[in-house]
Amino acid sequence: MSNSQSDQSIQLADSGRIDGWTDAAKRYREIMALVAKRGVGFWFADPDFTHWPLGDTAGLAAWHDWAVQGSKHHRAVLLLHDVAPLKAKHPAWVRWRQPWSHRIPCLMPAHEEAALTGGILVVPDVVGLKMTDQSAGRGWWTKDRQTVSEWLSELDAISQRSSEALFASSLGL
């Protein structure tokens, strides 16, 4: 799917349901194509990212396009509870991220912030995706600015009480 087709598919409707992880992966790819094309910052939270296609060929290409085309001031903030499944499931993405770690912080919330029960992907003022049933891969996506803003505020609050979970090197440099 080309970037222009992805951009158009997100623009056709204001919101929709996500019925399963295949559908969630499709929406994720569309949103990643959108952020790659626009070069904007975004937020992505999930307990462990095992269900998301971060490290597949198309996913890595979208991340790379975002990184090289976007402003050096835009960041992709990832929030997660456990980095071990991310490293095990997506080793190619973890390796790819190393030189981009200054723009892609992977943060782990403080223990009391156990609110990451499902995935949330937010592109501020544009679109958001939220998983409401992690085991079945169900959720919804929306372009409603108020809803997207609320999700962003939730993630921002959690990030402020988080610390880096995936250092670029064993020395943290």
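In this predicted model, Phe 42 and Trp 63 are both buried. Their ring centres lie 5.3 Å apart and their planes meet at 55°, so the two rings form a tilted pair. Phe 42 belongs to strand β2 (residues 42-45), whereas Trp 63 belongs to helix α3 (residues 57-69), so the pair ties together parts that are 21 residues apart in sequence. A second aromatic pair, between Phe 44 and Phe 49, is edge-to-face, with 4.9 Å from centre to centre and 80° between the planes. Phe 44 has a relative accessibility of 1% and counts as buried, because buried means under 20%. Phe 49, at 0% relative accessibility, also counts as buried.

The structure holds twelve aromatic pairs. One aromatic cluster is formed by Phe 42, Trp 63, Trp 66, Trp 93, Trp 96 and Trp 100. The ring of Trp 66 also has a charged neighbour: the charged end of Arg 103 sits over this ring, 4.4 Å from its centre.

Helix α6 spans residues 145-159 and has 15 residues. From its first C-alpha to its last, α6 reaches 21 Å, close to the 21 Å expected at 1.5 Å a residue. Its buried residues are Thr 147, Val 148, Trp 151, Leu 155, Ile 158 and Ser 159. Viewed down the helix axis, the buried residues of α6 fall within an arc of 115°, so they line one face of the helix. On the face turned away from this buried side, α6 carries the exposed residues Arg 145 and Gln 146.

Methods:
Residues are numbered from 1 along each chain as its sequence is written. This is a predicted model: local features need pLDDT of at least 70, side-chain atom pairs count only at pLDDT 80 or more; totals for chains, interfaces and linings use all residues. Side-chain values use heavy atoms; hydrogens and water are left out. Rings of Phe, Tyr and Trp (its six-membered ring) pair if their centres lie within 6.5 Å; planes under 30 degrees apart count as stacked, over 60 as edge-to-face and the rest as tilted. Helices (H or I, at least four residues) and strands (E, at least two) are DSSP runs, numbered from the N terminus. Buried means under 20% relative accessible area, exposed over 50%, partly exposed in between (1.4 Å probe, protein chains only). A charge sits over a ring if NZ of Lys or CZ of Arg is within 6 Å of the ring centre and within 35 degrees of the ring normal. The expected span of a helix is 1.5 Å times one less than its number of residues. The arc is that of the directions from the helix axis to the C-beta atoms.
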